[in-house]
Structures are given as C-alpha cells and as structure tokens.
Amino acid sequence: MIKVEDVVKEYRTRSGPVRVLDRVNLTVRPGQQLGILGRNGAGKSTIVRLISGTELPTSGTVRRTMSVSWPLAFGGAFQGTLTGYDNLRFICRVYGVDPADRIAFVEDFSELGIYLREPVKTYSSGMRARLAFAISMTVDFDCYLIDEVIAVGDARFHEKCMIELFEKRADRAKVIVSHDPHYIRAHCHSAAVLAGGRLTSFDDVDQAFEFYG
C-alpha cells in the first residue's frame, strides 16, 4: 500500500515560496489503478514524483509498503556520461536484478540499436524516454507510476507500451496522470482531482470527471 498523508509541497521562487500541494492525502492499494486529473500546472507530476521518492515533501509523509517504480519515461536519474548499457547495469544493481537477463529485452523494446553504446547525454528526449520505459519494464514493481508515458513514440511503440503495462502487468497497481479522458476511463478503477493544491478522491471515475468539469 501507498499512503500519502497531509503532504505539503512548496517550491522556492524569486517571489517567495509557492505551495503546489496543500495537505494532500491519498491511498493506493495493491492492484488499484488510479487516475489523477488536473489542469496544466496543477501539480499532478509533482504527486507522482513524491510517490516515487524522486522528490521529498516539504511536510507530511509518504509511506510505501509495496515497491514503486520511478515515473515511467523519466530519465532524470540517468548518468549522462554513461552509455545506455551502463545505465541499465547500474539500475539493475540498485534493484538487485541480474542485468545479463535484461539486456536482450531492453535492446528489443527500446529499439535504440547502436545508440545503447553511446553516452545518454547524446540522446534526444524521445530516446531517453524509450530507454527509461524499457528499463522500467525490466524491474518487477508492485506499482507503476505513469505520467503521460504513452505519448512517447509512434503508434507502434505506443502499442508496445500498452501491452507491457496493461496486459502483461494487469494485476499491478498503477497511478496514471493523463489529459486524455478516454485513457483514464479505459484503464482506471478510481480517480482523484487535483485543483488549487487540494486532492479530492472518487471511487467512481465518472464522478471524478463530473467534479473536474
């Protein structure tokens, strides 16, 4: 289970601190597929980063009793001077996975070819996203965090992502941020709406969209 309890997140700006999240509470249970709705800049991606642990809250707590992925297609944790292969080996070591068993999958899924032997700092944003998604699929997480990842790549790559996430890992929990109502309705059991820094949760996806307006 994941429990977000009274979380506040503020960022420093030249004009002073800006509060993006204001005492947010959220629970994600094993196998639950939760959609998060909100306007641009509402803080949806911030919640995902806090759940993953890539950022820390200003106050409040995030408790995890199941393993959680980094935000899919997020390449911020890559070491730019290392090659794609070296980043794969490093991440596998961190999560206790044998990289030798994962190389063929990453080669096939990412379709980066010879560029896997090049430093990641030379990659385009799309190439980094493909590598990040492929590596995410090599680690067996209880919960996957999805922040508009399906927008990465062409229609064929999109279909590969859908199969990996929603067919092969249908039993895993997912937290999904998307601006696409069809996508949320198709894949989520419940939803929450983020507005004005506050999060309102709904057991019914249609009720969430009604509230969202």
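Two strands count as paired if DSSP finds at least two bridges between them. I worked throughout on a predicted model.

**Entry 1: a strand pair.** I applied that criterion to strand S8 (residues 190-195) and S9, and I found them paired in the antiparallel sense over 5 bridges. I then looked up Ala191 and noted that its bridge partner in S9 is Phe202.

**Entry 2: the sheet.** I traced the sheet that holds these strands and recorded an open sheet of 6 strands in the order S5-S6-S7-S3-S8-S9, with mixed pairing. Strand S5 (68-71) and strand S9 (198-202) have a single partner strand each and stand at the edges, so one side of each is left without a neighbour in the sheet.

**Entry 3: a helix pair.** Two packed helices are described by the angle between their axes and the distance between the axes. For helix H3 (residues 103-110) and helix H5 (residues 155-167) I noted an angle of about 140° and axes 11 Å apart. Angles over 145 degrees count as roughly antiparallel; H3 and H5 are therefore oblique to each other. On the H3 side I listed Phe105, Asp108 and Phe109 as making the contact, and on the H5 side Phe157, Lys160, Cys161 and Glu164. I sorted the residues of this contact into 4 nonpolar and 3 charged, with no polar ones.

Conventions:
Residues numbered from 1 in each chain as written. Predicted model: local features only at pLDDT ≥ 70, side-chain atom pairs only at ≥ 80, totals over all residues. Heavy atoms only, no water. Axes fitted to C-alpha atoms, helices over the stretch in contact; angles between N-to-C directions. Helix = DSSP H or I, 4+ residues; strand = E, 2+ residues; numbered from the N terminus. Parallel < 35°, antiparallel > 145°, perpendicular 65-115°, else oblique. Contact = heavy atoms within 4.5 Å. Nonpolar A, V, L, I, M, F, W, Y, C, P; charged D, E, K, R; others polar.
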